[in-house]
Amino acid sequence: MSCRSLADRIDALLPQTQCTKCGYDGCRPYADAIADGSAPINRCPPGGDEGIAALAALLDAPVLPLDASRGEPGPLLVARIDEAHCIGCTLCIQACPVDAIVGANKHMHTVLADWCTGCDLCVAPCPVDCIQMVPAGRAWGSQDAAISRQRHRSHLARTERLAADNVRLMAPEPTAAPSAPAPAADEARNEDRKRSAIESALARARARRNPTQS
């Protein structure tokens, strides 16, 4: 089994909440770290003991107790924005790893509860503390995980495109090479020089013929 295929199988067992509580920037980086042996299997609070047991079975490894420093498992929560106090700063939109918050700058934001993973990454950035995590009233299932995985990939791709666009916009304008003079302009200047030379020669000839005239 290749390391890549092992990481895929580990990723398939993770809940795809993209909460980063494991210490990695999402479920896939955590799966990669488990696959290469640099991270233990007990860092995922949303997966809980059931998730740890599934990973242990896959890897033929001992079951470990959940690392409580990473958080505690519990029922699915979703973010709720107090729309009366939302100032439309967009910071929560930028923080959401699955684009489950919609809105525009200086306009009210709202959470798409069916897409929210309960990661709570939007709570801390809110400058007016108008976001709360509330019970979802349902369990997180495998279909939720599959949708979240795809939405997270789309979010990362969009973020990378925006970053690349910003780099291009901020790049200094290339210095344009001096353009070659137009042939017509060259010809006009040559004609002027010829005319000036002829007029000077005629003036010298007249002066020689009439040396007494000043």
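**Exercise 1. Explain why the largest pocket lies between domain 1 (6-70) and domain 2 (77-162).**

Solution. Both domains give residues to the lining of the largest pocket, so the pocket lies between them. The domain bounds come from an automatic or database domain assignment. The model is predicted: local features need pLDDT of at least 70 and side-chain atom pairs count only at pLDDT 80 or more, while totals for chains, interfaces and linings use all residues. Residues are numbered from 1 along each chain as its sequence is written, and side-chain values use heavy atoms, with hydrogens and water left out.

**Exercise 2. Describe the space and the lining of the largest pocket.**

Solution. Begin with the term: on a 1 Å grid over the protein atoms alone, a pocket is an open set of points where a 1.4 Å probe fits, with protein on both sides within 12 Å along at least five of seven lines; lining residues have an atom within 4 Å of a point.

Step 1. The space in the largest pocket is about 670 Å³, a volume being the space filled by probe spheres set on the grid points, which are joined across faces, edges and corners.

Step 2. The lining holds 29 residues, and P15, T17, P46, G47 and G74 lie nearest the centre of the pocket.

Step 3. By type, the lining has 17 nonpolar, 8 polar and 4 charged residues. Here Ala, Val, Leu, Ile, Met, Phe, Trp, Tyr, Cys and Pro count as nonpolar, Asp, Glu, Lys and Arg as charged, and the others, Gly among them, as polar.

Step 4. Helices α1 (3-13), α3 (48-59) and α5 (142-170) each supply at least two lining residues, and α3 gives the most, with 3. Helices are DSSP runs (H or I, at least four residues), numbered from the N terminus.
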